[in-house]
Amino acid sequence: MTRCRFVALSACLFAGCVFAQPFPNHTVTVVVPYPAGGAADMFGRTIAQALEEALKQTVIVENRPGAGGSVGMTYVARAKPDGYTIALGTIGTQSINQFIYPALNIDPVRDFEPIALVSTTPNVVSVSVTSPWKNLQDVIDAARAAKDKKLTYGTPGIGSSPHLTAEYFAAVTGVELLHIPFKGVSGSFPALVGGQIDLLFDNLPGTVNQINEGNRIRGIALTSAERSPLAPNLPTFAESGVKGFDVTAWFAIYAPKGTPKDVMDVLIEAARKGLKSEKIIKTYAAAAANPGQLFGPELAAFEQSERAKWGKLIKDKGIKSE
């Protein structure tokens, strides 16, 4: 064999070894389509740490907020489908946005491969400590008496889980509220404390510490069917007179559509292992959340039921992105 042929063969064999390296062989990025500091950011960072341990590879978080999460999700949908860029989707990005943003150029079914449900957590409604309202019935009575001057409520943005929760609450109680969207709880929380809005709807992890401190805001009620161990004195909407009310926010991770099955299998197994870790269980318990237990096709089926529920509410209420 001539030297040239030997070198060429060696190069081919080397290239084959490189291409045959198992996934992952370099850094994985989890894109969080919301600002730093909120519940989505927290869940994105904890699942990144869990994946890092399971994959034995560096996993970093990149925040790409905007348009109710659609900016970050679009970025991931257009990324190379190789498993190295994945997204933390939410109830908003995967079950709500498509009904609110008419010009949305991504589709949660067409553009993503579901990996794992990361967590579920209740939403909570709060008021300023200076508010005269002590319970949910006080809020309902005030909303009904407000007539033309509607009670205002803040959320992390149009189409977010807290926004749709508030609209659902208004629909089942027959009250009218005025939505004031913010870019995350970092904007809505000061507005509540400062008296610019009457109510704050948010994911419980985002405000549970402030609720328990009780210095600036007062928790009114939780949207889940059961109370949270982290705020045991906070009643549920159902306990407060809104029978059958049970809404939870959820967060999940996704790869771009077309990601190879063997890569998806690795990501799903890593998520499954990570979500069972003692560290995740303790972290989520401290954040008033539960680790997810749906993976791949199970998550896809769950999403479809959520889209049917929230799509109808959005249509009935005429909710739009403006």
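At what angle do α7 and α12 pack, and how far apart are their axes?

1. In this predicted model, α7 and α12 pack at an angle of about 65°, and their axes are 11 Å apart. The crossing that the helices α7 and α12 make is left-handed.

2. The contact itself can be followed residue by residue: on the α7 side, Leu164, Glu167, Tyr168, Ala170 and Ala171 take part, and they meet Trp310, Leu313, Ile314 and Lys317 of α12. Of the residues in this contact of α7 with α12, seven are nonpolar and two are charged, while no polar residue is counted.

3. Just after α12, Gly318 takes a positive phi of about 65°.

4. Within α12, the residues Leu299, Glu303, Glu306, Arg307, Trp310, Gly311, Leu313 and Ile314 are buried. These cover an arc of only 165° around the axis, which means that they lie on the same side of α12. The other side of α12 carries Pro297, Ala301, Ala308, Lys312, Lys315 and Asp316, which are exposed.

5. As for what the buried residues of α12 pack against, the partners are the helices α4 (91–95), α5 (97–100) and α7 (161–173), together with the strands β4 (112–128) and β9 (248–256).

Conventions:
Residues numbered from 1 in each chain as written. Predicted model: local features only at pLDDT ≥ 70, side-chain atom pairs only at ≥ 80, totals over all residues. Heavy atoms only, no water. Buried < 20%, exposed > 50% of the residue type's maximum accessible area, 1.4 Å probe, protein only. Helix = DSSP H or I, 4+ residues; strand = E, 2+ residues; numbered from the N terminus. Arc of directions from axis to C-beta. Contact = heavy atoms within 4.5 Å. Axes fitted to C-alpha atoms, helices over the stretch in contact; angles between N-to-C directions. Left-handed = near helix turned anticlockwise from the far one by under 90°. Nonpolar A, V, L, I, M, F, W, Y, C, P; charged D, E, K, R; others polar.
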